[in-house]
Amino acid sequence: MDHQHTDFDERAATWDDDPAKVERARAVADAINQQVTIDGSTRMLEYGAGTGLFTQAVWEATGSIGPVTLADTSSGMREQMEKKVAAGVLPDARVVDLDLSHGAPSGERFDLIVSVLVLHHIDPLRPVLAAFAELLADGGHLCVVDLVAEDGSFHGEGFHGHHGFDPAELAGWLGDAGFAQVEVAPCHEIERDGGTYPMFLAVART
Ligand SMILES: C[S@@+](CC[C@H](N)C(=O)[O-])C[C@H]1O[C@@H](n2cnc3c(N)ncnc32)[C@H](O)[C@@H]1O
């Protein structure tokens with residue numbers, strides 16, 4: 001288990017106590033709802049779902065959601081999601097330990113894959129983008145929300161992931177992974193320690 005997984009395990013139980021995280025999930029859900037139809041037939045994968053805040057926000061906003069898979073490599077985060085499913089706070093989702101760095105599980109297809117603030121933690125990223133392309137059903141959408149390139153102050157010293165992304169560069173990597181159309185737009189901002197960190201939403205189709 002590496003340091004970052006331990007960190008998320010420790011933070012999982014209090015993750016939702018921060019109102020900014022809940023508000024962020026609602027803003028992201030609004031932005032994605034405006035671009036993609038999500039209904040009771042949408043097979044959705046939330047990858048790096050944390051405590052499932054995005055899925056929760058979509059469910060609260062639409063009242064209708066299809067078969068949902070919530071994936072996270074942190075056992076602490078998965079435990080929180082299992083509790084929410086049992087309590088009816090999240091829909092009756094499948095909660096799984098899935099790291100797409102090792103490839104896509106066979107036989108799975110999704111109409112919508114969503115990943116919020118996860119990809120900057122993953123290096124190398126290209127195997128995960130290729131797995132997204134493999135998992136997407138015909139006509140499906142990949143929605144990636146992440147930080148616009150920043151100066152490293154978001155995580156501070158000792159962080160070994162990406163300092164955000166140049167959205168155009170990420171769009172190029174998505175193209176290399178097999179995505180034919182990629183549209184990028186600004187999506188909400190995070191305030192942290194006196195700094196403002198803009199995020200983007202990339203919507204991609206194969
Ligand atoms: C910054 S948190 C974001 C959580 C959630 N998406 C949110 O917006 O509240 C990043 C999450 O990605 C998960 N994660 C990190 N690396 C991962 C990987 N390779 N595969 C799946 N999940 C991963 C972490 O355990 C953590 O829950």
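Q: What covers the buried residues of α5?
A: The cover over the buried residues of α5 includes β1 (44-47), β4 (110-116), β5 (136-147) and α6 (167-176). That rests on contacts, where two residues count if their C-beta atoms, placed from the backbone, lie within 7 Å. Helices (H or I, at least four residues) and strands (E, at least two) are DSSP runs, numbered from the N terminus. This is a predicted model, in which local features need pLDDT of at least 70 and side-chain atom pairs count only at pLDDT 80 or more, while totals for chains, interfaces and linings use all residues. Residues are numbered from 1 along each chain as its sequence is written.

Q: Which residues of helix α5 are buried?
A: In α5, residues 126-135, they are Val-128, Leu-129, Ala-131, Phe-132, Ala-133 and Leu-135. Buried is 20 or more other C-beta atoms within 10 Å of the residue's own, exposed is 12 or fewer, and partly exposed is in between, with C-beta atoms placed from the backbone.

Q: How many bridges between β1 and β2, and parallel or antiparallel?
A: There are 4 bridges, in the parallel sense. Leu-45 stands opposite Thr-69 of β2 in that pairing. β2 (residues 68-71) also runs parallel to β3, joined by 3 bridges, and there Leu-70 faces Val-95.

Q: What about the other end, β6 and β7: parallel or antiparallel?
A: Antiparallel, over 10 bridges. Glu-183 has Val-203 of β7 as its bridge partner. The hairpin has 2 residues between the strands, and Asp-193 takes a positive phi near 50 degrees in it. On β5, strand β7 (residues 195-205) is antiparallel as well, with 6 bridges, and Asp-146 stands opposite Phe-200.

Q: Moving to the loop between β4 and α5, what phi does Leu-117 have?
A: Leu-117 lies in that loop, and its phi is near 60 degrees, a positive value in a residue other than glycine. Leu-117 is buried, with 20 other C-beta atoms within 10 Å. The loop also holds Pro-124, and the peptide bond joining Asp-123 and Pro-124 is cis, with omega about 5 degrees.

Q: What is His-162 in contact with?
A: Leaving aside neighbours within four places in sequence, His-162 contacts His-120 and Asp-123. His-162 is in the loop between β5 and α6 and is partly exposed, with 19 other C-beta atoms within 10 Å.

Q: How many residues surround the ligand, and which are closest?
A: 19 residues surround the ligand, and the closest are Phe-8, Gly-48, Gly-50, Ser-74 and Val-116. A residue counts if its C-beta atom, placed from the backbone, lies within 6 Å of the molecule. The shell divides into 10 nonpolar, 6 polar and 3 charged. Nonpolar covers Ala, Val, Leu, Ile, Met, Phe, Trp, Tyr, Cys and Pro; charged is Asp, Glu, Lys and Arg; the others, Gly among them, are polar.

Q: Last topic, the whole chain. How many helices and strands?
A: 6 helices and 7 strands. Of the 206 residues, 39% count as buried.

Notes: Pairing = 2+ DSSP bridges.
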